[in-house]
Amino acid sequence: MAPSKRQAVLIGVNQCGYDVQLPALRFAESDAQDLRAVLLDQDYGTFHDGDVKMFIGPKATWREIKAYLREIVVGSGPSDVLLVYFAGHALVPEWNDQLDAYLVTADLDPEVLPREPDNGLRMSFLKQDVFEAFAGTSFLVLDCCQAGIYADADRRHFAAMHTYRTQVDRHSALLACPRGGVARESPEYGHGVLTHHVLRALRGDAADEGRRVSFARMAAFVAEQGIDPPPAQWVKTYGPATPLTQPPVSRHDRQALNTPANPGIIRPCKNPLEDHGNSIMQLLGRMFRGLNRPRYHAQQGGPAERVELIRYAVDADSVAVVEFIGDDFRVMDKTARFDRDLFRPMLELAADEAVQYRTSMPGHVVSDGGRRRMLCVPVKYVDERVVALAVVNPAPAQLEMGEPLAVILRAVWDSDPVDDPVESEMTVMTALRIAFGRLPAPVYEYAFTIYQKLIDSMTMVFQPVVELSRHPAGVGVHSFEALARRNEREISAPLAALRMAYDWGDRFIIERDALLVSKAIRSYAEAAGAAGWQGIKPLSVNVAVRSLLRDAYLQQVSKALAEADVNPGTLTLEISEQDPIEPGPGEDWPQKPLDYFHRRLTALAKKLHINFAVDDFGVGHASLARMAELRLTQIKVDRAVLHHPLAVDELRLVAQVARYARDQGDAPHPRAVVVEGYDDEAPVSLRQIWDLGIHHVQGYFCGAVASASLHPLDGDMQEQIASRVKGER
């Protein structure tokens, strides 16, 4: 790796350029020289002589400065540091709508600028062509009037602020005054006022306990000195960590620096959302747990409830749901104080952005040039129409989050934060996970607790697996499958909640399966006891491949069986079709995947005395190879096979695979086959299934829906099923 470089470019201009009607300055050039002396000080400076470039007085020409800065940028690396300082005047031409300014160099000619606007050192050049392009960490100090224009210097000719463009996340700036403000020199100090306090800070007045002065400490110190107008500052990544001055390293300190870090300390890599972790948690708290959350009336619809909740959570003036159709728009729903006519110009600007970047930009901010800002977040696309949330004047701290805020609001809109706040909050967390990868550790851990709460809130119901027979007395409930539901009345599985775990990785998958299997075993034991049946029928529970590879999950299975006093032999774990059987990232299995997994199941069956099944054959990853090579498992056939044109042929093949070990003399019985999802609309009859040697069917054909309690088939149903197996119906 190439060694890092620390470079400084210091510019000071007392006399203005050609025909610039601005008074000469007294201290700008000496300010730059004094700053150079501090940076190179032999006791505490952190820069080397050859790496501090001065542009002073007549030698401060825009062409040479720009060329030198671009040379630094082209040769920069990620570990490099660049400090740019300017003391002098700034010029704002009347023709550039006040969104850009020129730093007045010795050769600036205002008469040329309308024809050749790049013939000068523009603030936008510094921002776009220097700091955005610089590969390392950069800092800027502007001690001049109108310094605050730098904050908007990349927005000239744009009324919409592109909040979600690539940001300069390793760049910090200290600006002498806001846009339109005046920077002053002080004869008492013999410096520009800002620079006087910058020099004080760097000489040690802003030092930390180790006598180091970072850009962040310097900027904070300057801001506390009561300068009028107050300076503007922002400090991004590495602003607090990169020292500009520091004491010399003693022999003791040098030895400490070269000593390996304490092996007992682990610190994760910095996350892109680290700086917004608190803001995210505060927003989630207001959205889902705030004591002052809006109270809703029964007659309100879902959209009306959500827009009011969003307005409250981000502390906005108002919120609306707007449909953009080309250049036009219509307001579909809104909170109080949303004035369609007042916001029309901003909405028309937003329409262009929403349509042009309909799927590539999670949101954008529109400003009217005054105090109002509107965050627009697309939430739905229908043909050429875009439906978006328009959030007027959200709290600045919330808006500062940028793209994460847009992701959060869209996830809130796509979920049900009013009636199902737990799943909605987990939906938000998962959206952040998908969009940004790893989350800050506190946010990740919080998401884990929310997911535990979500899974633990589910109810287990039991669907019977019916054993077929040509005689009514032989028809009955063979076993039950445990199914997760949000409540006992729900028919459909909460697939979105269950599948969230795959976006988070093994820890969430294993926790989900451990909670569900424990709940299933406990609930089943209670239901079986209440049913009063003699003995207990087998139970099957779904499980992910990744869970079966972790001992922690199997320990939970054993614990749950022991606590419920259930015979392990009655439990079958159905291997989900959701999962491929393959090594995870970074894993190295010693055998081919199916061989390795089969050996794992064989060992578990011997140790725990439980059974396994290949679930949902015919969809997902449940291939013929999986069914054939996982030889100790039962086989469950998905209902999709029943509706295939070659359904009977496919079922025949499954039956042959199930009988293979027995036919070869390797097993006393064929593997059990269960046809899932059978109903009265299935084109394959029960007689055809019976004739293929398949004697177990699961579905709603038997009149028994999944329930938290266990029920036998009544006599009439036994008669009907036996009759259908014989082909009489």
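## The whole chain first

Start zoomed out on this predicted model. Of the contacts in the protein chain between residues at least 6 apart in sequence, 69% join residues at least 24 apart. Colour by secondary structure and you'll be looking at 23 helices and 27 strands. Buried residues account for 50% of the 729 residues in the protein chain.

## Cysteines

Next, select Cys177. The structure holds 0 disulfides. Cys177 is in none, and the nearest cysteine sulfur, that of Cys145, sits 5.8 Å away. Cys177 counts as buried, at 0% relative accessibility. Hop over to Cys376, which is buried too, at 1%.

## Salt bridges

There are 29 salt bridges in the structure. Pick Glu323, which is buried with a relative accessible area of 5%. Its side chain meets that of Arg385 in a salt bridge, 3.1 Å from N to O. Glu323 belongs to strand β15 and Arg385 to strand β19, so this pair ties together parts 62 residues apart in sequence.

Now go to Asp506 and Arg550, whose salt bridge has its closest N and O atoms 3.0 Å apart. Asp506 is in helix α15, while Arg550 is in the loop between α16 and α17, 44 residues apart.

For the last stop, select Glu481, Glu574, Lys636 and Glu676 together: they are linked in a network of salt bridges.

Note on methods
Residues are numbered from 1 along each chain as its sequence is written. This is a predicted model: local features need pLDDT of at least 70, side-chain atom pairs count only at pLDDT 80 or more; totals for chains, interfaces and linings use all residues. Side-chain values use heavy atoms; hydrogens and water are left out. A disulfide is a pair of cysteine sulfur atoms within 2.5 Å. Buried means under 20% relative accessible area, exposed over 50%, partly exposed in between (1.4 Å probe, protein chains only). Helices (H or I, at least four residues) and strands (E, at least two) are DSSP runs, numbered from the N terminus. Contact means heavy atoms within 4.5 Å. A salt bridge is a side-chain nitrogen of Lys or Arg within 4 Å of a carboxyl oxygen of Asp or Glu.
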